[in-house]
Amino acid sequence: MYGYCGTILRVNLTTGDIQKEALDLELAKKYVGGRGLAEKIFSDEVDNKIEPFDPQNKLMIATGPLSGVQSVPTGGRYMVITKSPLTGTIASSNSGGRWGAELKFAGYDMIIVEGKSE
């Protein structure tokens, strides 16, 4: 599957629902990496008029195709994508360590958090 697990985990804080979704492999090939794929999905799902603290904003945690590969020096990295309260545009943060690899080992390419809890 070109370095992907093929599964997205969607967590809805409003309803409490947690669902697994199939990753669109054509999108994954076209928008390679955690950042590219997450930003594409984000721009498809979140209206650009949504404010950063609006419940319709989403938080996406994404790994790329090389996440979890031990022979790759940056194989533990992951991306966090959302709308920035500072700029009002898409924000992308990158972090390292074991978390990205562990997300991939758990069988997920991305977690999408949406909605608002009480």
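Colleague: How many bridges join β1 to strand β2, and how do the two run?

Modeller: This is a predicted model, so keep that in mind. In it, β2 covers residues 18–22 and runs antiparallel to β1. The number of bridges joining β1 to β2 is 5.

Colleague: Which residue in the hairpin of β1 and β2 takes a positive phi?

Modeller: There are 5 residues between the strands of that hairpin. The one with a positive phi, near 80°, is Gly16.

Colleague: How many residues of strand β1 are buried?

Modeller: Check both faces. On one side Thr7, Leu9 and Val11 are buried, and on the other so are Ile8, Arg10 and Asn12. That leaves β1 largely enclosed by the rest of the structure, because the buried count is 6 of the 6.

Colleague: How far apart in sequence are the parts that the pair of Tyr78 and Trp99 ties together?

Modeller: The rings sit 5.1 Å centre to centre with 45° between the planes, which makes the pair tilted. Tyr78 belongs to strand β4 and Trp99 to helix α3, so the parts tied together are separated in sequence by 21 residues.

Colleague: Is Trp99 buried or partly exposed?

Modeller: Tyr78 has 16% relative accessibility and counts as buried. Buried means under 20%. Trp99 comes out at 41% relative accessibility, so Trp99 counts as partly exposed.

Methods:
Residues numbered from 1 in each chain as written. Predicted model: local features only at pLDDT ≥ 70, side-chain atom pairs only at ≥ 80, totals over all residues. Heavy atoms only, no water. Phe/Tyr/Trp six-rings, centres within 6.5 Å; stacked < 30°, edge-to-face > 60°. Helix = DSSP H or I, 4+ residues; strand = E, 2+ residues; numbered from the N terminus. Buried < 20%, exposed > 50% of the residue type's maximum accessible area, 1.4 Å probe, protein only. Pairing = 2+ DSSP bridges.
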